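Keep the structure open as you read.

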Amino acid sequence: MLFNSFEFAIFLPIVFLLYWFVTHRNLSLQNLLILAASYVFYGWWDARFLSLIVLSTLLDYTAGLQIRKAETKAKQKFWLGVSLTFNLGMLGFFKYWNFFVQSWIDAWAGLGVEMSGYSLGIILPVGISFYTFQTLSYTIDIYRKDLEPTKDFIAFAAFVSFFPQLVAGPIERATQLLPQFFEKRKFSFELGVDGIKQIVWGLAKKVIIADNCAVLVNDIFSNYETLPASALVLGSIYFAFQIYADFSGYSDIAIGTGKLFGFKLMTNFRYPYFSRDIAEFWRRWHISLSTWFRDYLYIPLGGSRGGNRMRLRNTMIIFIVSGFWHGANWTFIIWGALNAIFFLPLLLGGNNRKNLDTVAEGKTFPSLNEFIHVLLTFLLTCFAWIFFRAASATEAINYIWLLFDPSLFSIPTGYMTYLPYILVLLMIEWTYRTEDYPLKTVNYNVAIIVFALLIFIFGNFNLTEFIYFQF
Amino acid sequence: MLRFILHTGVLLGAFALIIQAISMLFPMSYYNQEYPMWKYQQEVAMGEQGKKEARKVILGDSRAMAGIRPDLLGNTLSLCVGGATPVELYFNFKRYIVMNQKPDTVIFSLTPLHFYRQDCFYHRTRKYDFLEDWMIDSVKQVAFALNDPEYTSAFGLVNKIKLLSFTSKMVDMNVSHLSRYGENKAKYQAMSERNGHSFFGTKEMDDGYNLEVTDHLEMDESGQWKVKAGKEKFVVSKVNDYYFKKLLDLLRDENIFIVWVTMPMNRASYDKLKLMPTPFLQDYSNYVKANFAERDRWIGDFEVGFYENEYFGDPAHLNERGSVKFTEALIEKYFR
């Protein structure tokens, strides 16, 4: 079920009313309702793949209890290994099988050896990368003794499948989200208003910015060989805003929906395009994933201990793995590697934690220096996005090659339609860049009426799926 | 909790009211280009626009609208409506002769498509408020009396509720809505300047298949064309049949001469329809001919022919060259 669908507009109020008016006296019943609603939400897409969630839930529930029960470190490791193997194995099979087989065949073909492959017609289950990471955090945290396992299966299953963030995050930590399933949830007018405003803001970004930009992005990337370089520049800028508005819009709707049910989900985006360097960008972009990699990969690998060589190695690893997490394609790996290359000079120079505050905080406009840094950082991300969006690495390189052309200085007529939309988004975000989301402090009546109208008037309702569903 | 629900409900209600008002007050600003064309023909029929004293009136669907040129015929008005069946044509012409000078001749053409089905009664006729309430009620009564599913489905409860609200118009009110006013107004103006004529496809040639083909035939996995299940014959909708006869009766009663015209198909579609197991085009011709058999004051040609693909601007509609060729042939045959 898509957040921007008619079905969800019916589904959400029904679950909301049942939750607060029918099951509100009993926490277990509320959790059961969340579980049932989450399975309906997911099953709406393809009920067959619910079995994977159920399997993952059963296994990690058991693994969690067994890790705690185990008397020896070896047994604990065994059960952690079972959880890791199953979850990563499932992810590997559904997401990466065909990629590895094809890469293997291509590698041999490069040496002149023809091989037949065993690629399968595998459908990628929506959200598998998100919920496997979420459940992994549960078993790893128990192993690390950061969390006590739960015996309440329903609560645990509801935690794994919590519908607002099931298919595209934020990827919640068990330590943060699971305890909320055992606390009595209270509804307040302010919380409800806050949730609805965040949903409306997320929806506005999705249907006004992302889905409109998508039309031009698809056109430009499909016809890049025949278009002027200036249109190609716009293509990468539009894609930067498409993916941002799409993904952060989803996160806002997820977080807002969570609030309606009394849950606090983690912030996933904090105005990333106002970053002054790549390190700051990564502290503001897909925060739940980058912190997941930091906590469960970078630090276990040794983190920043052990000198520059170790830091370089670990940084490269997490960026490349992060790229690979997005999809089984060399384009994502190159995208990750590029970001690592942009990041490394900051790391080596000790400047990676220079910009921890918000740009031009307390001021209306940035200084020239800040503006230049923000612009350069944005251009670097746009450059990397070309690899992210292109169908293949060759296509991305051709696209970049065509940018170096005198037509770069032409006016890309016909492709400027949505620039005003982006400018308005930037102005709104700049004004409210210290808030969780721009509408947070805006009057409820104004937020709903004005933004609902804007969505209605300028939105594209062709029900485009969220980009991150494919990851 | 109740405060939150009430407050949010009131806001959503206010939002719905605003959208409802926009949808009712500014249809020209968000509908696609069909709207100004339908609107124009409605206003012509009501005597608010167009030639009030045209001696010849063209009645038909979009193929007749594109292919028969009022400017070449002289003193002619096209009252064709894109996607129209005999239902829309009957009621629109009925009010036309009340509000305008009665023509001597009607050039009448309707393709097989608009006899065997309707696909615009909900999406255009009802959404655009093309017909008056009593007309819609009449169609409803006839549809249920004759038990014609082509039409009864258009009166379902869901459709009724949707029509009451802006939601029926939401599909039309997306990315470019509220910015279509200029192009729609220009279309309306062009309709006025060309006495109700408009092209649909503007290509130099089209070898695609028209809806008669795609409604009845499909390609199987081996690339062979086959007839769709249950689509072996030319079957006229009962409501369309009813209003076709009523329209012919009206023309007879008003003593208006009829020139029945059969629009050509493009060669690609014509050839493909030969694959039908029963003589589809012949059945259509026979059906129309049978309706004229007992009547007088008409001439016409009932055989479906074809023009080469280069005369078509899309799979179904004649382009500029095609319309000139066809209209000149029409003049040569009936109006010299």
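This is a predicted model: local features need pLDDT of at least 70, side-chain atom pairs count only at pLDDT 80 or more; totals for chains, interfaces and linings use all residues.

Setting aside neighbours within four places in sequence, Phe241(A) is in contact with Ile209(A), Cys213(A) and Ile422(A). Phe241(A) also belongs to the largest nonpolar core, which has 132 residues. Phe241(A) is among the residues with the most contacts inside that core, and so are Phe159(A), Val200(A), Cys213(A), Ile220(A), Tyr238(A) and Phe387(A). Helix α9 of chain A, residues 229-260, gives the most to this core, with 18 residues. In soluble globular proteins, nonpolar side chains tend to be buried together.

Now take the two domains of chain A. Each is built from two segments: 6-102 and 120-185 for domain 1, 190-276 and 355-470 for domain 2. Their C-alpha centres lie 29 Å apart. Across the boundary, 15 residues of domain 1 are in contact with 17 residues of domain 2. On the domain 1 side, helix α1 of chain A (residues 6-22) supplies the largest share, three residues. That side divides into nine nonpolar, four polar and two charged residues.

Next, follow helix α8 of chain A, residues 189-222. Its 34 residues, at 1.5 Å each, should span 50 Å. The end C-alpha atoms are 47 Å apart, which agrees. The helix does bend, by about 25 degrees at Ala214(A). α8(A) is mostly covered, with 26 of its 34 residues buried.

α8(A) also takes part in the contact between the chains. That contact takes 17 residues from chain A and 14 residues from chain B. On the chain A side, the elements giving two or more residues are α8 and α17 (444-458). α17(A) gives the most, with seven residues. Which residue classes make up this side of chain A? It divides into twelve nonpolar, five polar and no charged residues.

Turn to the loops, and to backbone angles. Most residues other than glycine have a negative phi. Lys145(A) has a positive one, near 65 degrees. Lys145(A) sits in the loop between α5 (128-143) and α6 (153-161) of chain A. Is Lys145(A) buried or exposed? It is exposed, because 10 other C-beta atoms lie within 10 Å, and a residue with 12 or fewer counts as exposed.

Asn195(B) also has a positive phi, about 50 degrees, although it is not a glycine. Its loop joins α12 (181-193) to α13 (211-216) in chain B. Asn195(B) is buried, because it has 21 other C-beta atoms within 10 Å, and the cut-off for burial is 20 or more.

End at Tyr30(B), in the loop between α1 (2-25) and α2 (34-45) of chain B. Tyr30(B) has 22 C-beta neighbours inside 10 Å, so it counts as buried.

How values were computed: Residues are numbered from 1 along each chain as its sequence is written. Chains are lettered from A and ligands numbered from 1 in the order in which they are written. Helices (H or I, at least four residues) and strands (E, at least two) are DSSP runs, numbered from the N terminus. The expected span of a helix is 1.5 Å times one less than its number of residues. The bend at a residue is the angle between axes fitted to the seven residues ending there and the seven starting there. Domain bounds come from an automatic or database domain assignment. Two residues are in contact if their C-beta atoms, placed from the backbone, lie within 7 Å. Ala, Val, Leu, Ile, Met, Phe, Trp, Tyr, Cys and Pro count as nonpolar, Asp, Glu, Lys and Arg as charged, and the others, Gly among them, as polar. A nonpolar core is a set of buried Ala, Val, Leu, Ile, Met, Phe, Trp, Tyr and Cys residues joined through C-beta atoms within 7 Å.
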